[in-house]
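User: Please go through some local features of this chain with me, one at a time.

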Amino acid sequence: METNIGTDHYELAADAAAELARRTGVERHDAAVVLGSGWAAAADDLGAVVADVELGDLPGFPAPTVVGHRNLARSVKVGDLAALVLGGRAHLYEGHAVHTVVHGVRTAIAAGCRTIILTNAAGGLNPTWPVGQPVLLCDQLNLTGTTPMVGPPPPDDKPARFVDLTEAYSPRLRALAMDVDPTLPEGIYAGLLGGAYETPAEIRMLQTMGADLVGMSTVLEAIAARHLGAELLGVSLVTNAAAGLSDEVLDHTDVLDAARDAGPRMVALLRGVLERL
Ligand code: 8IG
């Protein structure tokens, strides 16, 4: 497993944040939204676009390989708030090191963001949730076998060596989201290394473990965000029933279709939360 030990990941994030400020002309951002598969459309209607920056032009960001992810950092004005929309994500299954996977979140926090909103497309384990159902994350299972905590802590020991993940997903932000959309259910997201979807036996295992959603992202970024003290909100869009729970064959195209159809509702939710921060 590649870990980039020896690299100063926090310094790299600070470099990326400085370059982001230079290219956007925005000195400080307040909140960041990381867009999951198919959420790209949500970026377009969130607010007034101030600037777009190719993520590949910022230190530490890799080229994208997943269809449905735009490799863009977009600075958007939502009311008085400077929001940073990250329309590109690195995944472990692409072969990226864990520190590359969380680099966007660390960069956003170095750019000033005190609030991180992680979005994703996920498989649903709750059979009552239809495709297109948005779900607030209330907790997570990190089943990736790794963590962004690996490697030396920053030299000044700030942030600390360990991080408390009780209430990792902010009760305050979840309440704000419920304000915007009172029908939102909450669920526990299981994050796996991925590459393949699960077998039906693995889905039964995850149900036993208490998971409501399953996906290949988010959990590492959530840990990195909490480690750096940001307030965290997570939203999944159920784009398929998990393996064995329906007769459908799991296919990334269906994921993108479901996400596109749910776009307007997701935009309203994200904008509503940002306006209430
Ligand atoms: I969208 O069913 C989406 N992403 N692991 N399993 C996993 N990731 C997913 C799934 C799913 N659906």
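The questions below concern a predicted model.

User: How many residues does helix H1 have, and what does its reach from first C-alpha to last come close to?

Analyst: Helix H1 covers residues 9-24, which gives 16 residues. Its reach from the first C-alpha to the last is 22 Å. At 1.5 Å a residue, this is close to the expected 22 Å.

User: Which residue caps the N-terminal end of H1?

Analyst: The cap involves a side-chain oxygen placed 3.0 Å from the backbone nitrogen of Tyr 10. Tyr 10 is also among the buried residues of H1. The residue that supplies the oxygen is Asp 8.

User: What covers the buried residues of H1?

Analyst: The buried residues of H1 include His 9, Ala 13, Glu 19 and Leu 20. Among the strands that cover them are S2 (48-54) and S3 (72-78). The cover also includes strand S4 (81-87) and the helices H3 (98-101), H4 (103-110) and H7 (219-227).

User: How many of the residues of H4 are buried?

Analyst: The buried residues of H4 are His 103, Gly 104, Val 105, Arg 106, Thr 107, Ala 108 and Ile 109. They pack against H1, strand S1 (31-34), S4, H3, strand S5 (115-124) and H7. H4 is thus mostly covered, and the buried count is seven of eight.

User: Which glycine with a positive phi follows H4, and what is the value?

Analyst: Just after H1, Gly 25 takes a positive phi of about 75°. H4 is likewise followed by a glycine with positive phi. That residue is Gly 112, with phi near 115°.

User: Is Thr 218 buried or exposed?

Analyst: Thr 218 lies in the loop between S8 and H7. Its phi is positive, near 75°, although Thr 218 is a residue other than glycine. Because its relative accessibility is 1% and the cut-off is under 20%, Thr 218 counts as buried.

User: Is Glu 167 buried or exposed?

Analyst: Glu 167 is not a glycine, yet has a positive phi of about 55°. Its place is the loop between strand S6 (134-143) and helix H5 (171-180). With a relative accessible area of 54%, where over 50% is required, Glu 167 is exposed.

User: Which residues make the nonpolar surface patch of about 260 Å²?

Analyst: One member, Met 209, sits in the loop between helix H6 (200-208) and strand S8 (213-215). Met 209 is partly exposed, at 41% relative accessible area, and a patch residue needs over 30%. The patch is made by Leu 143, Met 205 and Met 209.

How values were computed:
Residues are numbered from 1 along each chain as its sequence is written. This is a predicted model: local features need pLDDT of at least 70, side-chain atom pairs count only at pLDDT 80 or more; totals for chains, interfaces and linings use all residues. Side-chain values use heavy atoms; hydrogens and water are left out. Patches are made of residues with over 30% relative accessible area and no salt bridge: like charges are joined within 9 Å, nonpolar side chains (Val, Leu, Ile, Met, Phe, Trp, Tyr) within 5 Å. Accessible areas come from the Shrake-Rupley method with a 1.4 Å probe; for residues, only the protein chains shown count as cover. A salt bridge is a side-chain nitrogen of Lys or Arg within 4 Å of a carboxyl oxygen of Asp or Glu. Helices (H or I, at least four residues) and strands (E, at least two) are DSSP runs, numbered from the N terminus. Buried means under 20% relative accessible area, exposed over 50%, partly exposed in between (1.4 Å probe, protein chains only). The expected span of a helix is 1.5 Å times one less than its number of residues. Contact means heavy atoms within 4.5 Å. A polar contact is a pair of N or O atoms within 3.5 Å; within protein, one must be able to donate a hydrogen and the other to accept it, and residues adjacent in sequence count only if both atoms are side-chain atoms.
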